[in-house]
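Subject: Structure handover

Hello,

I am passing this structure on to you. Please open it first; my notes follow below.

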Amino acid sequence: MVIMAAIYLAAYRRSALFCRSHSTYVRKMRYLNKLKEDDSLCRQAQTSGTFYIFHNLSPFLQKVGKKYLTPQLSAAEMKRILEKFKETEQWIEKSVLIGCSDEHVPHFALDLGALEKSVIEAELKGSFTDLRKAFFVVDEKDSSLLASAQALLRWHDSHQYCSKTGQPTQKNVAGSKRVCHASGITYYPQMSPVVIILVSDGSRCLLARQASFPQGMYTALSGFCDIGEAVEEAARREVAEEVGLEVESLWYSASQHWPFPSSCLMIACHALVRRQQLEISMNSLELEEARWFGLEEIMEGLKREPNSAKQDNGRFLPWFPPKQAIAHKLINEWVKQQTSQSTQVL
């Protein structure tokens with residue numbers, strides 16, 4: 001019996017390992033990795049893949065009813081558009097790989113900035129939209145994909161020459177790297193770490209705005225990590241620099257890729273500041289305004305749309321970043337924490 005049990009256990013473990021290593025996700029990731037490493041395979045995939053198109057880094061959207069969609073063009077549709085401009089299919093090799101479906105249909109992004117924008121828009125019945133504006137109208141899945149695509153396209157546009165030799169760098173077909181053949185240096189896309197911190201004193205949270213923000217929009221504090229800094233150090237420093245408060249405790253929430261102003265990794269944290277020192281001393285070089293918000297005001301602001309924030313007297317009521325932004329997640333988490341504490345007290 002002991003021997004049979006051992007055999008069954010070994011068989012179960014092998015079966016479980018097989019299922020795990022051959023799951024849809026694993027197969028998809030391995031397929032994408034092959035496309036990144038094998039130029040000929042990726043070039044072949046471009047003939048059967050789908051394409052998200054951009055014009056000078058602005059994604060193409062189509063309005064269907066009240067919804068905005070990010071269409072995926074087939075390779076045949078891409079060829080038709082290029083033929084209209086008397087361009088060859090070689091243009092497609094300027095595209096970058098951004099993912100694939102569970103059925104292994106590869107997705108690419110291609111910037112058509114050198115072609116006439118109005119002609120493409122008329123041909124495809126849509127418009128190229130600034131990515132910041134697109135974030136407010138497309139769904140979360142599409143916004144994440146568009147952000148990744150734009151960041152990768154931007155990186156290739158700004159890394160066409162080797163920083164050591166000054167010689168041109170060559171993109172691989174997938175766009176996962178660039179190589180300087182003169183020096184042998186391989187360049188990979190990079191992200192800059194940014195901390196974003198929702199500061200609380202226990203019953204209120206602190207939000208701020210910069211002069212460049214849309215009217216009425218407030219968000220959490222944020223800043224780039226300095227060389228040599230840990231995330232915790234960067235968060236404490238940013239709070240001290242921007243609003244003159246000292247963080248007492250800090251805890252991690254989540255992370256998100258964010259393409260503004262370039263490719264950033266947003267590392268989201270909640271911070272509790274010392275109750276003995278709650279007076280804000282704002283750094284006016286970085287912020288236009290920073291203030292404390294109570295729970296009720298935050299809940300009202302979460303319901304408010306940007307276009308409904310303007311009052312009759314011309315002033316704007318507070319509103320917060322869209323659901324696609326990690327700042328929105330931080331604010332929502334704070335609200336849940338506050339309402340949970342209120343329920344416990346009752």
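A residue is called buried here if its relative accessible area is under 20%, and exposed if that area is over 50%. Trp258 has a relative accessibility of 16%, so Trp258 counts as buried. Please keep in mind that this is a predicted model.

Aromatic pairs

A pair of aromatic rings is described by the distance of the centres and the angle of the planes. Ring centres have to lie within 6.5 Å to pair, and planes over 60 degrees apart count as edge-to-face. The count by this rule is five aromatic pairs. One of them joins Phe135 and Trp258: the centres are 5.2 Å apart, the planes stand at 70° to each other, and the pair is edge-to-face. Phe135 belongs to the loop between α6 (131–134) and α7 (140–158), while Trp258 is in strand β14 (residues 247–258), so the pair ties together parts that are 123 residues apart in sequence. Phe135 is buried as well, with a relative accessible area of 3%.

Another edge-to-face pair is made by Tyr218 and Phe293, with 5.3 Å from centre to centre and 70° between the planes. Here Tyr218 comes from the loop between β12 (205–209) and β13 (221–224) and Phe293 from strand β16 (residues 289–293), so this pair ties together parts that are 75 residues apart in sequence.

Charges over rings

Elsewhere, Lys94 lies over the face of Trp91, at 3.8 Å from the ring centre.

Val243

Which residues does Val243 touch, not counting those up to four places away in sequence? The contacts are Leu206, Leu221, Glu279, Ile280, Ser281, Met282, Leu287 and Ala290. Val243 itself is found in helix α8 (residues 231–243) and is buried, with a relative accessible area of 0%.

Regards

Notes. Residues numbered from 1 in each chain as written. Predicted model: local features only at pLDDT ≥ 70, side-chain atom pairs only at ≥ 80, totals over all residues. Heavy atoms only, no water. Phe/Tyr/Trp six-rings, centres within 6.5 Å; stacked < 30°, edge-to-face > 60°. Helix = DSSP H or I, 4+ residues; strand = E, 2+ residues; numbered from the N terminus. Buried < 20%, exposed > 50% of the residue type's maximum accessible area, 1.4 Å probe, protein only. Lys NZ or Arg CZ within 6 Å of the ring centre and 35° of its normal. Contact = heavy atoms within 4.5 Å.
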